[in-house]
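Student: Hey, can we go through this one together? I'd like to start with the helices and then move on to the strands.

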Amino acid sequence: MTRTLSLALLGLAFPLLAQTSSPVAPALYSEAFTPDTMRVDLFHTGGMGQEIFALDRVVNDGPWAGSTTRLVDSLDLGDYRFEVRDRTAGKTLYSRGYSSLYAEWATTSEPRTRHRTFHESLRFPWPKQDVEIRIFSRDKQNAWRLLHALEVSPESIEVNRARYRGPGTVIPILENGSPAQKVDLLILGDGYGAQETAKFRADARRLVDLLFTQEPFKSRKTDFNVRAIELPAPEPGVFRPHGKVHRRTALSTQYGALGLERYLLTYDNRSLRDIASLAPYDFLEILVNDAQYGGGGIYNFQATVSVDTAFASYVFVHEFGHHFAGLGDEYYTSDVSYETGQPDLPEPWAMNITAMKDPKRLKWGDLVEKETPLPTPWPKEEFEKRSREFQAERKKLLAEGAPPAKIDEMFRRQQVEETKRLGTGPHAGKVGAFEGASYEAKGLYRPMADCIMFTRDEVGFCRVCQRAITRVIDEYSRP
Ligand SMILES: [Zn+2]
């Protein structure tokens, strides 16, 4: 029997949770869990001052691919966090942070005037006993607040123990060991026609190879397994509303997410999770067979990239940074759907963005050299002026219906100019606190002048982003 307790618990403040990063013995895993994955599907609805979760269904998501020793989340990332608790002992058996489309939508102006529903999944090892699931969100200061709780009994008639057996072929790309001791990355294709299976395989290999040229993925390659799922579409391409291209595809990946033309995501989490469950996975990436620039990445949920643009490699790595390590966007001059310019910003939870309320307690302070001033000067005004000019040029090209190659050419000019400007300032290459980050020109700081989370420059991840990614790899691959 599954019962929601949300109304009684809505709005109750909850103190910061005790964090345990110490691994548990494998015997503890088999005491509490079977080798399968339980997936609780939820509808997350809100708008006009309301936010509620409602149960959709509980299904078997295939063999558990996550760690069997690091069950309690030590990363503390994401807009949300869920805990699976033993009902009798009241002990946390498993927890994980995540972000969602709902969380992004909540930062736009739309919830003031309408309701909307998003589908979400909580995946965790299949419990042997009844459990309570608690979902937390962050308050205005980014502290955890209990939002919803529900009980799940594995013996309930609402729980379907069958695995998904729909179409899709699993292709191994990189095998390094047992899923429990490796980070399992799953590549899905969307909008590949039946004649394009060879193209999908080639695109998957090309982009995966590219990811492992970037640090710290490069040094930690043997900690990963990578698999792909091939699932041909009736015709090439995906739904691109701004370009008036209409398609129905298996994963329903689409441009124009949250109204932003280049934002590429799927709202159809139910189909995404069903298809993904054909292979063991911790993280997933959707390759979209399209030449129009686009991508998206949400922490512990999904990442996408359109494969046929000249900047596919940049978009892939950048968006994967969001999905894998919850890295924040370090850029702030591009158009976004989110409402910006909020006063008194709280300290962001992302490991690479800070409000720097106190420079002495800077969260990456151990990487800052004594001589580097905080905040750290950089050619901000010139950068912003040129950025605005390039954006005006892109808008004009899009309005004229210019081919993608023409926009790529403009991006290349911008890349050369920005690499030079950000690579030659007095504190270039140093870790400091550079004002302008996460869509805010003032009040938020990034760790280095340049990073793949900031520009399309070929500079890779900055040192703070690299350290964040390393922590996530450790969480999924260390015994
Ligand atoms: Zn960075």
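Predicted model: local features only at pLDDT ≥ 70, side-chain atom pairs only at ≥ 80, totals over all residues.

Student: Which residues make the contact?

Tutor: From α7 you have E382, F383, R386, F390, E393, R394 and L397. From α8, K406, I407, M410, Q414, E417 and R421 take part.

Student: How many of those are nonpolar, polar or charged?

Tutor: The contact of α7 with α8 has 7 charged residues, 5 nonpolar and 1 polar.

Student: Switching to the sheet. What's the strand order?

Tutor: There are 6 strands in an open sheet, ordered β10-β12-β11-β15-β17-β16, with mixed pairing. β10 (169–174) and β16 (295–298) each have a single partner strand, so they stand at the edges, and one side of each has no neighbour in the sheet. From one strand to the next, the twist averages 20 degrees.

Student: Who pairs with β10, and in what sense?

Tutor: β12, residues 224–230, in the antiparallel sense over 5 bridges. In that pairing, T169 sits opposite E230 of β12.

Student: Which helix packs on the sheet there and touches β10?

Tutor: That's α4 (residues 197–211), which also touches β11, β12 and β15. The direction of α4 makes about 30 degrees with that of β10. Then α5 (residues 269–276) lies across β11, β12, β15 and β17, running at about 120 degrees to β11.

Student: And β17, is it mostly covered or mostly open?

Tutor: Mostly covered, with 5 of its 5 residues buried. On one side of β17 you find Q302, T304 and S306, and on the other A303 and V305, all buried.

Student: How do β15 and β16 each run relative to β17?

Tutor: β15 runs parallel to β17, joined by 4 bridges, and E285 stands opposite A303. β16 and β17 run antiparallel, also with 4 bridges, and there G296 faces T304 across the pair.

Student: Last one: what's in the turn between β16 and β17?

Tutor: Their hairpin has 3 residues between the strands, and N300 takes a positive phi near 55 degrees.

How values were computed:
Residues numbered from 1 in each chain as written. Pairing = 2+ DSSP bridges. Helix = DSSP H or I, 4+ residues; strand = E, 2+ residues; numbered from the N terminus. Axes fitted to C-alpha atoms, helices over the stretch in contact; angles between N-to-C directions. Contact = placed C-beta atoms within 7 Å. Buried ≥ 20, exposed ≤ 12 C-beta atoms within 10 Å, placed from the backbone. Nonpolar A, V, L, I, M, F, W, Y, C, P; charged D, E, K, R; others polar.
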